[in-house]
Structure formats: structure tokens, C-alpha cells
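Subject: Structure for you to look at

Hello,

Here is the structure I promised to pass on. Please open it and keep it beside this email while you read.

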Amino acid sequence: MTKPHIHREGRNSIIGLILLLFVVNVLVFLGFHYWHSSPYWSVFFAISLIITAALLVFVTYFFRSPERIIEVEDPDFLIAPADGRVVVIEPVHEDEYFHEDRLQVSIFMSPLNVHANWYPIEGHILVSEHQKGRHKGAWLPKSSIENERSLVVIETENKQQIAVRQVAGAMARRIVTYAKAGKHAQRNTHMGFIKLGSRVDMYLPLNTELFVEVGEAVRGNDTIIGRLNP
């Protein structure tokens, strides 16, 4: 069961947008009212109201944050860290942290998806670091190593390590990561938030058993995407 509300990252943005749109509509009203001799001023003002209202609805919708709770019996289950569509499942050589071959699973988030990110598994946070970079389309292969990104490495109770990389897209300009090295990654809690189109990459052991395929839609903190093999 989900209970949608506004994510904390969006509250100031929405309040600021409301104030801005209010000022814009007041100026539009005064401007067209001054030229009241035009028979169309009321139509133009109505169009302004519709456009600004639609913009406010979209921004509010973008920052929605459904409350999702998942209970799993197997601690090795991997839960989708984000809403979106699986765009990559392939073995790659991960050079930023592991320096070895890993199974990459990538989820692309469109501007219409929920953009909160959850921890995919419980464990000890070994690394949490942010790197500046470019803002190419998040669906491009090189976006994982060239775009602005944040890397979080989690070690499970079974001493297996996975990496989760938040990647900014062409429209995203801010990645927020709540994970802190030395802290505990807990299920059902947010790992971070990415604004506008973006993606989340996971780097898993090669023998990970996957339950999803490329092109499949997944829901953050709801879809079980795989299982780590002991």
C-alpha cells in the first residue's frame, strides 16, 4: 500500500514556484487589464492561469514520494532502488571501486517516474562519494562514467559488496545522497533523490541471480530484481 506525499527535496521548490507563478499571474492580469480595450485580454489571462497551473501540477507530481514498505524473508534479495525501466543487464569491468568484472543492472527514470531512490539491500555503507561531471542523456552508455554521479558501496552481513551509482541525466542538475560511509543501509529508507531524468546503476557479483529482464518496468522498494548467491 502506498501513501503519496511530497518529498522533502521538493517542498522549497514548490513553495518558491507558487510564489513565482502568483507574481507572474498578477503581472499578466495587471498588464492585460491596463489594455482592457482589447476584447481578448480575459482570454489571454485565462491561458496564463492554465499554463501556470499545469506547470505547478507537473512539479508537484514530479516530487511525489509514495510511502512503500516491503518485507522480505531472505536478506540476500535485491530490491529495485528506483522506479523506471531496466535498460542494461550486462557484465562490465567496474573501474571506479571494484576494479573487477561485475554484473551491471541499470534502471532509467523518465521525468514522469518517482525520483526517490531506496537502498536495495541492508548492510554497512563502506563508501559514499559524489563526483562532478557532464549531463549527457542518462540512457547513453558513457553517462555512467562521464556524467555527474554519486557512488554508494554497501557490504551485506554475508560480506558481499554491491555498488549503487546515481547518475544525473541531460535535464538533472542535482543529485542528493543521504548515505554516509560508516552508517547502516536500512531497507525501506531513502538512499537519495535525483531531479529530473536520470538513472541508477547497480554493480553486483557476477553470480547474482536476476529476476528481471531488459525493457522491464520496475518500482522502487517494491520489485525484487534479484538475489545475491552466498
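Start with the ground rules. This is a predicted model, in which local features need pLDDT of at least 70, side-chain atom pairs count only at pLDDT 80 or more, and totals for chains, interfaces and linings use all residues. Residues are numbered from 1 along each chain as its sequence is written, and side-chain values use heavy atoms, with hydrogens and water left out.

**Strand S11**

Find strand S3 (residues 100-109) and S11. They pair in the antiparallel sense over 7 bridges. Helices (H or I, at least four residues) and strands (E, at least two) are DSSP runs, numbered from the N terminus. Two strands pair if DSSP finds at least two bridges between them. Strand S7 (residues 161-168) pairs with S11 too, in the antiparallel sense over 6 bridges.

Now look at Tyr-203 in S11. Gln-104 stands opposite Tyr-203. Ala-163 also stands opposite Tyr-203.

Is S11 buried or exposed? Buried means under 20% relative accessible area, exposed over 50%, and partly exposed in between (1.4 Å probe, protein chains only). In S11 (residues 198-204), 7 of the 7 residues are buried, so the strand is largely enclosed by the rest of the structure. Ser-198, Val-200, Met-202 and Leu-204 point one way. Arg-199, Asp-201 and Tyr-203 point the other way.

**Aromatic rings**

A pair of aromatic rings is described by the distance of the centres and the angle of the planes. Rings of Phe, Tyr and Trp (its six-membered ring) pair if their centres lie within 6.5 Å; planes under 30 degrees apart count as stacked, over 60 as edge-to-face and the rest as tilted. The structure holds 5 aromatic pairs.

One of them joins Phe-62 and Phe-193 edge-to-face, at 6.1 Å centre to centre and 85° between the planes. This pair links distant parts of the chain: Phe-62 is in helix H2 (residues 41-62) and Phe-193 in strand S10 (residues 190-194), 131 residues apart. Phe-62 is buried, at 3% relative accessible area. Phe-193 is buried, at 0%.

Tyr-97 and Phe-98 form another edge-to-face pair, at 5.0 Å and 85°. Tyr-97 is partly exposed, at 27%. Phe-98 is buried, at 12%.

**Charges over rings**

A charge sits over a ring if NZ of Lys or CZ of Arg is within 6 Å of the ring centre and within 35 degrees of the ring normal. The charged end of Arg-102 sits over the ring of Phe-98, 3.8 Å from its centre. The charged end of Arg-8 sits over the ring of Tyr-178, 4.1 Å from its centre.

Best wishes
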